[in-house]
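Subject: Structure handover

Hi,

Here is the structure I promised to pass on to you. Please have a look at it first, and then read my notes below.

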Amino acid sequence: MSEKKRIAVIPGDGIGKEVIPQAVRAIQAVGAPVELTSFDWGADRYLADKTTVPPEGFSMLARDFDAILVGAFGDPRVPSNIHAREILLGMRFQMDLYANVRPVRLMDASLCPLKGVEPKDVDFVVIRENTEGVYGDLGGVFKQGTPDEIAIQEDVNTRKGVERIIRYAFEYCVSNRKLDGPPRRRVLMCDKSNAMTHAGGLWQRVFKEVSAEYPAIETEHMYVDALCMQMVRDPRPFDVIVTNNMFGDIITDLAAGLQGGVGMAASGNLHPGRTSMFEPVHGSAPPIAGKNIANPFGAILTAVMMLADLGLKADAERIEGAVLEAVREKKTTQDIGGTLGTREAGAWVAERVSRF
Ligand code: NAD
Ligand code: IPM
Ligand code: MN
């Protein structure tokens, strides 16, 4: 028998502590060959002892684990958000998880706010650059507190960073199919090169160069503003979208709206060959935390992504099938039309998984 996959589980703050246990429950119900180890990194720990990431935390994760399953970070008691930056962005940057893969899939027509849109019409993926852009937080403030105050937030775009994410998108396009079977065939690069000419120019040049290596794949370009409009007018033409860190953040919340809201959206933070980190797209949602109303399906579908990435495809498919059934039978939380609580929706999925 092959060795068990080692998974670090970091529920984090707010609803992260409610949805991650449901994802873990599904993993256990399917009998996946994994060993789970939990970590208490988050606001409570930070408030108790000022630790965000313990010493050597990232190297420990990379060395001792095959994957990391994360909830969300953000707590009103830590207004600076320092722990969230150090833990979440710390994992992305320090572990160099450069590809943030965010699939956008509609499970049932009833979940989409658009008229006449079927599940087959919403099946695309956003490949978000995850280690550069404005997220590096380079810059500074000058003459703070005076009427002449200046705040500079730099947008960092390296050739290495742009090239590897664009190449990742093409490789993703080559090696993944649409859910109803046909191959993926188009990569769309999204930028704002009409206004941000330096960064945009680099993205444009690299996109052209890398696309020449993939003659079988169609290419397209859209400015991010036009893309947002198109996404809510008609999401059908989208296939693989590649974009920078910030545009990727924004358009994946918009795209989540097509899936039934952020409660349904999954993501993976990847660097091929390294320990990767998986987290739902949503945040810690403080106003609904602790009420047993958060939708656990984004977290469960994130576990599905993680298991598939670890090579446990059959287990991943069984859990995904159970979520699909729950959605169709309205065994869900209220945000997507059901009447169940977080725990009850998670229990329904786990029960269905163990019956397959
Ligand atoms: P959010 O995603 O937490 O919430 C946005 C809206 O979606 C809210 O109305 C919330 O109630 C709802 N929502 C979110 N998840 C849901 C779920 N599973 N089921 C049902 N409804 C859900 O975003 P926000 O309010 O902008 O941020 C709250 C905190 O989370 C902030 O501190 C923010 O920085 C942090 N955040 C963290 C992550 C992360 O750790 N990955 C991601 C996004 C935001
Ligand atoms: C996300 C979140 C994070 C981001 C925040 C919490 C820094 O919104 O994962 O989408 O902007 O990347
Ligand atoms: Mn976001």
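Let me start with a helix pair: Val 224, Leu 227, Cys 228, Met 231 and Val 232 of H7 meet Phe 247, Ile 251, Leu 254, Ala 255 and Leu 258 of H8, where contact means heavy atoms within 4.5 Å. The residues of this contact divide into 10 nonpolar, no polar and no charged. (Ala, Val, Leu, Ile, Met, Phe, Trp, Tyr, Cys and Pro count as nonpolar, Asp, Glu, Lys and Arg as charged, and the others, Gly among them, as polar.)

A word on the basis: this is a predicted model, in which local features need pLDDT of at least 70 and side-chain atom pairs count only at pLDDT 80 or more, while totals for chains, interfaces and linings use all residues. Residues are numbered from 1 along each chain as its sequence is written, chains are lettered from A and ligands numbered from 1 in the order in which they are written, and side-chain values use heavy atoms, with hydrogens and water left out. Helices (H or I, at least four residues) and strands (E, at least two) are DSSP runs, numbered from the N terminus.

Back to the pair: the axes of H7 (residues 224-233) and H8 (residues 245-259) come within 10 Å and cross at roughly 10 degrees. Axes are lines fitted to C-alpha atoms, for helices over the stretch in contact, and angles run from 0 to 180 degrees between N-to-C directions. That makes H7 roughly parallel to H8 (angles under 35 degrees count as roughly parallel, over 145 as roughly antiparallel, 65 to 115 as roughly perpendicular and the rest as oblique).

H10 (residues 313-328) and H11 (residues 342-355) pack at about 125 degrees, with their axes 9 Å apart, and are therefore oblique to each other. Their contact has seven nonpolar, no polar and three charged residues.

Now the sheet. It is open, with 10 strands in the order S2-S1-S3-S12-S11-S4-S5-S10-S8-S9 and mixed pairing; two strands pair if DSSP finds at least two bridges between them. S2 (34-38) and S9 (218-223) stand at the edges with a single partner strand each, so one side of each has no neighbour in the sheet. S1 (residues 5-12) and S2 run parallel, joined by five bridges, and Val 9 has Ser 38 in S2 as its bridge partner.

Finally, there are 26 salt bridges, each a side-chain nitrogen of Lys or Arg within 4 Å of a carboxyl oxygen of Asp or Glu. Asp 96 forms one with Arg 164, the closest N and O atoms being 2.7 Å apart.

Best wishes
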